[in-house]
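Trainee: Could you walk me through the aromatic residues in this one? I'd like to begin with any cluster.

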Amino acid sequence: MRKDKVIILASVLTDVVGFGIVIPILPFYVTEFGASPTTVTLMFAIFSFFSFLSSPLLGAWSDRIGRRPMLILSISSTAIGWLVFASAHSVWQLFLGRIIDGMAAGNFSTAQSYMVDISNDEKERTKNLGIIGAAFGIGFILGPLLGGVLSKVSHAFPFWIAGALAATNAMMAYFFLPETHHHREPHKPMNFNPVAPLARAAKDTTLRPLYFTWSFFAFSIVTSQSVFGLFVKDVFGMNAFQTGLLFTGVGLVIVLNQGFLLPKFWTKNFSDSKLEILMLAILAAASLLVSLQILVLFYISLLFSGTGQAVLRVVITGQAAAASDPKRKGETIGILSALMSAYMVVAPVVSGYLYTVNYAAPFIASVILLVVGIYFAVRFKNRSNILSVDHRT
């Protein structure tokens, strides 16, 4: 594998491992400071809020000055954020660490833009994005396991390790990662308005259908995932270790799909537009199965959920990259990341309220959102040849 691909994959893996470490450890670490459960939830939301503001801006800047400097900045921000978090002595320092990380949280979207840049054709682009997704899945498997092992030293120790890994990754990128974006506009005035790319996205009639579909997908996924831990505890009586194993299982499904089935089966037998509709339907089925609160059907839903997320993320990202202006591919991918971050701020609040009404309510809401997403995907199925590349030809 090419050296630049290895570094990009290391970047994504480090980022996701760091996030995975957070899942089992952060509540225990934060409560040592006397923080309430509400504060713990707000700590997740504050990172997502600043990521929402920064992602499209960083994507636009990567189009202007290049992928390499923005990736180095983003990885460095992650390192500093984790180290501040690990060394905190008060709650406000914990928030500061998450804010620093969120302010330049463009690792994943910039890495996707980089992999699009080095793709020679549509099939290679999909394959490269699939590799990125597979790295995401591996990180999602390793992170919680690594966090659990390292927490035996102390609850702060996993965050020190995450910071050290990110710092090492930033140095690797600085010394070894070449620039790939050769359609830069270095003399174009910088736009410091983080909402400007989103405003342009709203006017983009070509990509608007994809943004709609992505929005319903993102809102539904975050709505269901926000109460996942509470649901398995309250409905099935599972503990934290068992919940971690469920996350590991979903991660394995993601890796299997993005690392093997995506190039070998899905893209060979379905066009992108058909995959978009099929995966939305599979995700809707997954949420519906969860809402029935039957253990066997719940396990089946995890298979559906991992498959739907793994394939749909790559398909929509690939279509958006193919349809966007070559000078604004980074901005386009950054917008997708920003929309996801926006729903990671809003959806947990909605989901939490629905959960207090009925355990199944968030998952029913997820089904409704996905059905609306299917409507938009079907309606705009024939919007453009570039958005419906048939990989069988």
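Mentor: One aromatic cluster is formed by F228, F231, F236, F298, Y299 and F363. The model is predicted, so to speak of local features requires pLDDT of at least 70 and side-chain atom pairs count only at pLDDT 80 or more, while totals for chains, interfaces and linings use all residues. Residues are numbered from 1 along each chain as its sequence is written, and side-chain values use heavy atoms, with hydrogens and water left out.

Trainee: How many aromatic pairs does the whole structure have?

Mentor: The search finds 20 aromatic pairs, where rings of Phe, Tyr and Trp (its six-membered ring) pair if their centres lie within 6.5 Å, and planes under 30 degrees apart count as stacked, over 60 as edge-to-face and the rest as tilted. Among them, Y174 and F175 are edge-to-face, at 5.1 Å centre to centre with 90 degrees between the planes.

Trainee: And is F175 buried or exposed?

Mentor: F175 counts as exposed at 60% relative accessibility, whereas Y174 is partly exposed at 49%; buried means under 20% relative accessible area, exposed over 50%, and partly exposed in between (1.4 Å probe, protein chains only).

Trainee: What about F216 and F376?

Mentor: F216 and F376 are stacked, with 5.6 Å centre to centre and 15 degrees between the planes. This pair links distant parts of the chain, since F216 is in helix 9 (residues 208-226) and F376 in helix 15 (residues 361-379), 160 residues apart; helices here are DSSP runs (H or I, at least four residues), numbered from the N terminus. Both F216 and F376 are buried.

Terms used:
Helices (H or I, at least four residues) and strands (E, at least two) are DSSP runs, numbered from the N terminus.
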